[in-house]
Amino acid sequence: MPIAGVLAAILAAFLLAACGGGESKGAESTTATPPPGGQPSPTVQGTTLCPPSGSATSLTGAGATFPFPLYSKWIDEFGKLCDVQINYQSIGSGGGIKQITAKTVDFGASDGIMYDEQTAAAEAAGGPILHIPMTSGAVAVVFNLPGVQQGQLKLTPDVLADIYLKKITKWNDPLIVADNTGVSLPSTDIAVVHRSDGSGTTFIFTNYLSRVSQEWSDTVGFATSVEWPGDIGGEGNEGVANQVRQIPGAIGYVELAYTVQNNLPWAAVRNKSGKFMEPSLDSATAAATGVPLPDDMKVLLTDSSNPDAYPIVGFTWVLAYVNQSDKAKGQALVYYLWWAIHDGQQFTTDLLYAPLSPEAVAKAEAEIKSISYQGQPLLQTP
Amino acid sequence: MQVGRGKSAAGLAGRRPWGTGNLGDALARAVFAGLGLSLLAVALLILYELVLESRRSISAFGWAFLTGTRWDPVDQVFGAAPAIYGTLVSSVIALILAVPISLGAAIFLSEMAPSWLRSPLSFLVEMLAALPSVVLGLWGIYVLIPWVRDPVETWLGGHLGFIPLFDGPPFGVGMLAAGLVLAIMVLPIITAIARDVMQAVPSSQREAMVALGATRWEVILGAVLPYCRSGLVGAVILGLGRALGETMAVTMVIGKGYNITASLFQPASTAASTLASEFNEAAYNLYVSALVELALILMGITLLVNILARLLVWRVARSPEVIAE
């Protein structure tokens, strides 16, 4: 990895830490999954397409904090390849949606799907707006139970929802013990830890609980920030990881990367097909493999029906208008996005993001090809 | 909030106005008047912006926003009562802890410390005041919270758990931790100002007491403290102002529980911490508007505290002079 890239990632982590609420991922790599070395694509095989001459050499984007380390890496790499400088501000998904609606940026980025109210506002400002998937991430359920090893604790969706609803309050509750024969569970109270700041991680996690539990769906629902039934809020992934590590009997949810950085054990969660799955890049990618994906890609991957999928997974999207008002900038944007979903995918695993599945790449390709200027598609594929 | 005793300065400005035909004087007067008014303009602009941005929330919830206890971004129901409660209670805890220590430290620094110790100690106090709050927050997470959980909360819960204040599971994060962090933040401010105020007491006051045969303790109690008590009240109020608005360090240790409970062990929220946590990802207009209204309320609370402080200082400042006459 080039030094500049490492620096960018470290800088990103520091910047996010300084901002407090940010989610960051370190530049550490795992030995678990080797980089796939470029995602195969139906139309372009490993060739880098730079924007044609006359395209803009600078772009601005704003939005989600969750993919920021990856986006920084991409911006760095793409800038070296094609001489396009991209300025991405990780101000949060809500901010990204506001900025793209106000058209102060060339693209937005979000961990969640835009609300109807937001879509209406954006469409009024710039016409139809696309959700283009860039990568996906897994949310791990972490715990602090002395003597219980990583993956040993098995949780069914119902049990997980009941713990977060504060209906199950002791670790040796018969409902937990039923799935964990042979694991010694103490009689301690369960301290439920959640994110205190609004975040895409919370969006994915609560969306999962809403899908698997009618009661959760009715009483709490899902959003980047919800009215939690109980216990402790931690600021940022780091805050949650820290609370879980400090409090015996705690349970929490963090981005996968944070379990590795903080040495926190994760639980296996039962997926839709009844298999207990541990979070990993493979099981996260699987969530979007072999399942029907809509053309607009406004899909939440939680509780995937793929039998090899980890159930708490979500896409993060770039938001862009179909009808670009500036040809030069639109061209630079589509070539950047095209590069990101193909060659860019090789950088995902090192930073602990799950690469897009081939199905997701195909859908994203169609979306990028639809971006046009005065009715003319901006991307010229060979 | 240094209390001005400068009647004479105001009098001078009134009797001998600037600008006796000199262009330079007229120009200076205009420039400085503009600079002075710009402060007012900034304050009014902020107020205007806050009211403008929060009108959606104001029209949706009305006065019920002040008493509402739910903060549910999914159902789009917002109420500020737990945040107001958390803001006030955490600040009061901070003052209860910090004021006795600060006043004691200030008395020591001003009246008792040997001169070789005075400067290094004063320097340390001022350095503590300059500590960035995010650093204090990190220290809170890694050092203070584990200590608050065990032994502090475990002990309090075990021995005094029958008092509602100390009831509940010891999480570490929560109202008590926030109050402690705030106490550390306001401690140097109150100490530094209280010390300055005490040092401003004329030596003649002390000498008069000593001449009457008073001990050092009696001098402090009888001459120094009564003479500067309006300044001391001002120091405490400044500390309170800092505590009310403090954001980052509190956000990191308060644990964000959105409810009103007597227990100090429970996670809570302040107006500032809720804003800091949620503003970035506030996804729709009403949500943003409710957060801005929370900011407006926070501004209102600070304003109210300042007005009360003015009244208090004014009352306190008058009494010793009356006695003196």
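Helices α5(B) and α7(B) are oblique to each other, where angles under 35 degrees count as roughly parallel, over 145 as roughly antiparallel, 65 to 115 as roughly perpendicular and the rest as oblique. The model is a predicted one, in which local features need pLDDT of at least 70, side-chain atom pairs count only at pLDDT 80 or more, and totals for chains, interfaces and linings use all residues. Residues are numbered from 1 along each chain as its sequence is written, while chains are lettered from A and ligands numbered from 1 in the order in which they are written. Helices (H or I, at least four residues) and strands (E, at least two) are DSSP runs, numbered from the N terminus.

Two packed helices are described by the angle between their axes and the distance between the axes. The axes are lines fitted to C-alpha atoms, for helices over the stretch in contact, and angles run from 0 to 180 degrees between N-to-C directions. Helix α5 of chain B spans residues 115-129 and helix α7 of chain B spans residues 175-199; their axes are 8 Å apart, at an angle of about 135°. Residues are in contact if their C-beta atoms, placed from the backbone, lie within 7 Å. On the α5(B) side, S122(B), V125(B), E126(B), L128(B) and A129(B) take part, and they meet P188(B), I189(B), T191(B), A192(B) and R195(B) of α7(B). By class, this contact of α5(B) with α7(B) comprises six nonpolar, two polar and two charged residues; Ala, Val, Leu, Ile, Met, Phe, Trp, Tyr, Cys and Pro count as nonpolar, Asp, Glu, Lys and Arg as charged, and the others, Gly among them, as polar.

Helix α7(B) also packs with helix α10 (residues 229-245) of chain B, at an angle of about 155° and with the axes 8 Å apart. The two helices are therefore roughly antiparallel. Their crossing is right-handed. Helix α7(B) contributes L182(B), M185(B), V186(B), I189(B), I190(B), I193(B), A194(B) and V197(B), and helix α10(B) contributes G231(B), L232(B), A235(B), V236(B), L238(B), G239(B), R242(B) and A243(B). Of the residues in this contact of α7(B) with α10(B), 13 are nonpolar, two polar and one charged.

Elsewhere in chain B, helix α12 (residues 271-278) is largely enclosed by the rest of the structure, because seven of its eight residues are buried. A residue is buried if 20 or more other C-beta atoms lie within 10 Å of its own, exposed if 12 or fewer, and partly exposed in between, with C-beta atoms placed from the backbone. The buried residues of α12(B) are A271(B), A272(B), S273(B), T274(B), A276(B), S277(B) and E278(B). In helix α8 (residues 203-211) of chain B lies M209(B), which is partly exposed, with 19 other C-beta atoms within 10 Å. Leaving aside residues up to four places away in sequence, M209(B) touches A214(B), E218(B), V219(B), G222(B) and A223(B).

Chain A contains 13 helices and 13 strands, and 55% of its 382 residues count as buried. Of the contacts in chain A between residues at least 6 apart in sequence, 73% join residues at least 24 apart. Helices α12 (residues 327-341) and α13 (residues 358-370) of chain A cross at roughly 175°, their axes coming within 10 Å. These two helices are therefore roughly antiparallel to each other. V334(A), L337(A), W338(A) and I341(A) of α12(A) meet V361(A), A364(A), E365(A) and I368(A) of α13(A). That contact of α12(A) with α13(A) has seven nonpolar, no polar and one charged residues.

The contact between the chains involves 33 residues from chain A and 28 residues from chain B. On the side of chain A that touches chain B, α3 (93-102), α4 (116-126), β7 (232-234) and α9 (236-246) each supply at least two residues. The largest share, four residues, comes from α9(A). This side of chain A holds nine nonpolar, 18 polar and six charged residues.

The model scores ipTM 0.75 and pTM 0.79. The pLDDT is the predictor's confidence in each residue, from 0 to 100. Its mean is 84 in chain A, where 87% of the residues reach 70 or more. Within chain A, confidence is lowest in helix α1 (residues 3-19), at a mean of 44, and highest in helix α5 (residues 157-164), at 95. Over residues 1-46 of chain A the pLDDT is below 50, and this stretch has 91 contacts in the model beyond near neighbours in sequence. Chain B averages a pLDDT of 86, with 91% of the residues scoring at least 70. Where pLDDT is low, the predicted coordinates should not be read in detail.

Notes
Contact = placed C-beta atoms within 7 Å. Left-handed = near helix turned anticlockwise from the far one by under 90°.
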